[in-house]
Amino acid sequence: MSEPGVVVIIPAAGSGSRFGSELPKQFHTLGDRAILQRVIERFLYDERVERVIVPVHERGLLNIGEQPSGKRVQFVKGGETRQESVTKGFEAAEMKKGIIAIHDAVRPFFSIETFHKVIDAAIRYGAAFPAAPMVDTIHIVDNDQIVDTPDRTKLVAAQTPQCFRADVLRDVLSRGAGGDASDEAGLAARLGYVVKAVPGDKLNFKITRPEDLVMAERILAEFGK
Ligand code: CTP
Ligand code: MG
């Protein structure tokens, strides 16, 4: 059975305000090359990926080397919000059917095995995402006081790559236009779509603050990923 290749959008137009350095975090080096470059390459070498679209403000010092045959990386102008960057990437994709994946530029340790499970769930259900179980108890606080404690067994942390059938994502992005959703899975669910949660894993964390990059370097040294 040959299925059409997956198109991957990697929104990489953020400024990294929580990371707090002039150079946006996605262009920082992890091991021997930029975080964003690692992420792009990991997708390019996956046989289920057809092409990669990267919304950015500036291309930075990326050195995308020799690419596996027939695969393309396309850089497009990013937006003011993550959702806008994703929308611009999706417009550039010009997709009518097939599966589209959206992945944060700053999650270098996503698992290909999980990615494939998310693709398969999106083919079946229309939308899917990797969900990491919560280990901490989560409280809702107001004025520094606990006002509620949701049932931890029902809470998950939303990771990427999130996958969608092209028709679903088109509808979600057009009906949600102008918003600033931090992920498309939540937006799709709010608009009434079934969004399947696939088990994610802890290694797929998002580099958000400087200490996350320190942790990523340690993981790389340990596992050589
Ligand atoms: N992103 C984007 N366009 C924006 C804002 C964010 O493409 N206008 C991307 C980021 O580059 C990142 C992903 O969305 O790959 C996840 O966002 P986040 O981790 O929040 O990154 P930043 O927005 O850059 O960081 P911060 O929120 O700390 O400013
Ligand atoms: Mg952000």
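Asp120 and Arg48 form a salt bridge in which the closest N and O atoms are 2.8 Å apart. The pair links distant parts of the chain, with Asp120 in helix H3 (residues 112-125) and Arg48 in the loop between H1 and strand S4 (49-56), 72 residues apart. The model is predicted.

**Salt bridges**

- The count of salt bridges comes to 11.
- Asp120 is partly exposed, with a relative accessible area of 39%, whereas Arg48 counts as buried at 15% relative accessibility.
- Asp167 and Arg165 meet through their side chains in a salt bridge of 3.2 Å, N to O.
- Asp167 is partly exposed at 42% relative accessibility, and Arg165 is partly exposed with a relative accessible area of 30%.
- Salt bridges with shared partners join Asp32, Arg33, Arg38 and Glu41 into one network.
- Arg33 is partly exposed, with a relative accessible area of 25%, while Asp32 counts as exposed at 61%.

**Helix H6**

- Helix H6 (residues 210-223) has 14 residues, which at 1.5 Å a residue should span 20 Å; its end C-alpha atoms are 20 Å apart, so the two values agree.
- The buried residues in H6 are Asp212, Leu213, Ala216, Ile219 and Leu220.
- These residues cover an arc of only 115° around the axis, and therefore lie on the same side of H6.
- Arg218, Ala221 and Glu222 are exposed on the other side of H6.
- Strand S2 (29-30) and helix H1 (35-44) are what the buried residues of H6 pack against.

**Helix H4**

- Ala166, Val168, Leu169, Val172 and Leu173 are buried in helix H4 (residues 166-175).
- They cover an arc of only 155° around the axis, so they are on the same side of H4.
- The elements that cover the buried residues of H4 include helix H2 (82-93), strand S6 (99-102), strand S11 (162-165) and helix H5 (184-190).

- Strands S8 (residues 140-142) and S9 (residues 145-148) run antiparallel and are joined by three bridges.
- Ile140 has Asp148 in S9 as its bridge partner.
- Two residues lie between the strands of this hairpin, and Asn143 in the turn has a positive phi of about 55°.

Conventions:
Residues numbered from 1 in each chain as written. Chains lettered and ligands numbered in written order. Predicted model: local features only at pLDDT ≥ 70, side-chain atom pairs only at ≥ 80, totals over all residues. Heavy atoms only, no water. Pairing = 2+ DSSP bridges. Helix = DSSP H or I, 4+ residues; strand = E, 2+ residues; numbered from the N terminus. Expected span 1.5 Å × (residues − 1). Buried < 20%, exposed > 50% of the residue type's maximum accessible area, 1.4 Å probe, protein only. Arc of directions from axis to C-beta. Contact = heavy atoms within 4.5 Å. Salt bridge = Lys/Arg side-chain N within 4 Å of Asp/Glu carboxyl O.
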